[in-house]
Amino acid sequence: MTAFLEQQTAGLPGKVEISVSAFDARNSLPACAALEAFLPAGIRAWGQINVGVRCDSPAPWTAYVPARVAVMAEYLATARALRAGQTLGPADIERRHGDLAAEPPGTLTDPTQAVGHPARYAVAAGSTLRAGMLRLPPAVRQGQAVKVVGSGNGFSVSNEGRALNAAAEGEPVRVRIGNDQVVSGLARAGGVVEVQF
């Protein structure tokens, strides 16, 4: 199962640390010829998760095993209190090292993501710096034609659509695709919307 999670986390920033709980020895599941690990729909290998284990032969069964995926990397925090509208300079941010999976979504990791952008609201000193705290230029504009991309365990999909709202890099955006279906994802540079499966 560790090898499966290592495959799922390939390409994540920083150092990935994986810990998998032992399968409960008291289980009454029949022996299996070949186990297959999988992530439940909508779950990614990040933070505290349950990994599925499936058996098809000789008797089909599915069980879930707790696991933790820590992503140890540098991220940004505020070096001092920020006022609403204050444009961030290099002295306003500091680097910290820790588990990105334990930090809020949208945590910034590179000073170029923050320096030169104004704060949306007042932020206390020592706060983890997130994209939603800053007025970032939109990566996707409302009404823009976008490419919707997504991937899951062993597959990837892409489609074209139209953004229903503006969003900065890493912020949520809703997209209407060809069959009038609306999907949600995260805005990425270049008019791309990433959908999580």
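Q: Which ring does the charged end of Arg 44 sit over?
A: The charged end of Arg 44 sits over the ring of Trp 46, 4.4 Å from its centre. A charge sits over a ring if NZ of Lys or CZ of Arg is within 6 Å of the ring centre and within 35 degrees of the ring normal. Please note that this is a predicted model, in which local features need pLDDT of at least 70, side-chain atom pairs count only at pLDDT 80 or more, and totals for chains, interfaces and linings use all residues. Residues are numbered from 1 along each chain as its sequence is written, and side-chain values use heavy atoms, with hydrogens and water left out.

Q: And what does the charged end of Arg 54 sit over?
A: The charged end of Arg 54 sits over the ring of Phe 38, at 3.9 Å from the ring centre.

Q: How many aromatic pairs does a search of the whole structure find?
A: The search finds one aromatic pair. Rings of Phe, Tyr and Trp (its six-membered ring) pair if their centres lie within 6.5 Å; planes under 30 degrees apart count as stacked, over 60 as edge-to-face and the rest as tilted. The ring centres of Phe 38 and Tyr 64 are 6.0 Å apart and the planes stand at 75°, so this pair is edge-to-face.

Q: Which strands hold Phe 38 and Tyr 64?
A: Phe 38 belongs to strand 2 (residues 35-38) and Tyr 64 to strand 4 (residues 61-78), so the pair ties together parts that are 26 residues apart in sequence. Strands (E, at least two residues) are DSSP runs, numbered from the N terminus.

Q: Is Phe 38 buried or exposed?
A: Phe 38 counts as buried because its relative accessibility is 10%. Buried means under 20% relative accessible area, exposed over 50%, and partly exposed in between (1.4 Å probe, protein chains only).

Q: How many bridges join strand 2 to strand 3?
A: Four bridges join strand 2 to strand 3 (residues 47-55), and the two run antiparallel. Two strands pair if DSSP finds at least two bridges between them. Glu 36 stands opposite Arg 54 in strand 3. Strand 3 also pairs with strand 4 in the antiparallel sense, over nine bridges, and a hairpin of five residues joins strand 3 to strand 4.

Q: Changing topic, which residues touch the most other members in the largest nonpolar core?
A: In this core of 14 residues, they are Leu 76, Leu 88, Ile 93, Leu 108, Ala 114, Leu 129 and Leu 134. A nonpolar core is a set of buried Ala, Val, Leu, Ile, Met, Phe, Trp, Tyr and Cys residues joined through side-chain atoms within 4.5 Å. Apart from it lies another core, of 13 residues, including Val 183 and Val 195.

Q: Where is Thr 128, and is it buried or exposed?
A: Thr 128 lies in the loop between strand 5 and strand 6, and it counts as buried at 13% relative accessibility. A polar contact of 2.8 Å joins its side chain to that of Glu 103. A polar contact is a pair of N or O atoms within 3.5 Å; within protein, one must be able to donate a hydrogen and the other to accept it, and residues adjacent in sequence count only if both atoms are side-chain atoms.
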